[in-house]
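Open the structure in your viewer and keep the selection tool at hand. This tour goes from one selection to the next, and at each stop it says what is there.

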Amino acid sequence: LAVERISKDPSLDLGHRLDYVVLQEECDTPRALLRFFDFGKLSSAFIGPLNPGFCEVATLLGEDWNKAIFSWMCVNYNLDSTIHHTTFARTLLSPTQVLFAVMKYFSWAHVGIIASKDDIWMDTANKLASALRSQGLPVGIVTSIHGGEKGIEDTWNEIKGVDGIRIIVLCMHSVLIGGKDQATLLTKALEMGLADGRYVFIPYDTLLYSLPYQNNFFSIFDNDTKLQEAYDAVLTITLESGERTFYDAFWEAKEGGEIIGDLEATQVSPLFGTIYDAIYFMAMAIDSARRNRARVSGSNIAEHTKNFSFPGFNNWIQTDNCGKRMSNYVILDTDGRGNQLFPTHLLDMSSDSVKSLDCAIHFPSGGPPKSDSSCWFDPDVLCTGG
């Protein structure tokens, strides 16, 4: 869809016809890297990779090939150095930056991370822990879901054994788009009394797309009161929807005959919109490089991601004079009973500010987890004495 629309966009001058090839990324990290290596001669630029486990190696290969890599998934904080990584560009803000803004606002510094067993999520969890630690935050534990019901109990017992944790980040598919691991994990937390408000659970993957929340009912909660109750301890952070939700934009494209197939919008992951935006983002960078009479090489394309704006799939996309995406996010919460999510806070990431909205957060225990010392969020102050 993105490539077809780019080819018809009269405002873009790419010099060549844009086409794509899909690189089927293996679930196993080493094999995924080998597949990526095979595509070095076939592609002029890359959208991806999906697995943060080989982002650094892929970026080094991109530099050697002088081919740009446009990524929304790489959480690896050391890739943000444009001096050292000249062919790498982010199409979304790093999830770490968004998480840090929320943690600072609520003064929750101590983190635990749970991943599902797949390589992609284990690698995500480890890179996320590295990125948060690079900001000076104490990540108490990084673990994965152990197999079977007893294994999930063991996972929660590991978490309970670490003192002071306020936030638990869940690196796995969100239950709201069909993530079974997350549903099982949250239900077990409720059964063990851990969804009582002592922790705030934050799904990681909703940071990567615009979850449709306006006037949307999540049927996953309809016949599962346990999950509904457990989700009361969850805060969902996602890209703010524009005037249209992801579902609205998908339906419009389908009605216009641009998307052919029997899929309903609710059967499609909102990550569709993120990937669409990443492809358009790259086309805008190529156009910008050509307008500035720069040779269309990997480093030049990655360099020309500054100060542009264009209509994304269901959001307006803008970058600042450093090439950083200017995005708003929302914190969503349930009321502990229904099947809807309501925005409670708006995150303006261009100014790193968090603003409370009309709807207050409904915490299971009536109040938030304990706050941590502000020293954790001040780079000039060393935290001492616990």
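Predicted model: local features only at pLDDT ≥ 70, side-chain atom pairs only at ≥ 80, totals over all residues.

On the side of domain 1 that touches domain 2, select α2 (29–38), α9 (246–255) and α10 (271–291), each of which supplies at least two residues.

To see the domains themselves, colour 1–91 together with 246–318 as domain 1, and 95–240 together with 328–377 as domain 2. Their C-alpha centres lie 28 Å apart, while 22 residues of domain 1 are in contact with 20 residues of domain 2. The area buried between the two domains is about 1700 Å², and carbon and sulfur atoms give 64% of that area. Across this interface the rule finds 1 salt bridge.

As a separate stop, select E56 and K127, whose side chains meet in a salt bridge at 3.5 Å, N to O.

Next, turn to the interior, remembering that in soluble globular proteins nonpolar side chains tend to be buried together. The largest nonpolar core has 81 residues, and among them W156 and F201 touch the most other members. Select helix α4 (residues 95–106), which gives the most to this core, with 7 residues. The core draws at least three residues from each of domain 1 and domain 2.

Now centre the view on F201: leaving aside neighbours within four places in sequence, its contacts include W156, I168, L170 and L186. Finally, select F246, F250, A283 and F308, which are included in a second, separate core of 32 residues.

Technical notes:
Residues numbered from 1 in each chain as written. Heavy atoms only, no water. Core = buried A, V, L, I, M, F, W, Y, C linked by side-chain atoms within 4.5 Å. Buried < 20%, exposed > 50% of the residue type's maximum accessible area, 1.4 Å probe, protein only. Helix = DSSP H or I, 4+ residues; strand = E, 2+ residues; numbered from the N terminus. Domains from an automatic or database assignment. Contact = heavy atoms within 4.5 Å. Buried area = accessible area lost by both parts, 1.4 Å probe. Salt bridge = Lys/Arg side-chain N within 4 Å of Asp/Glu carboxyl O.
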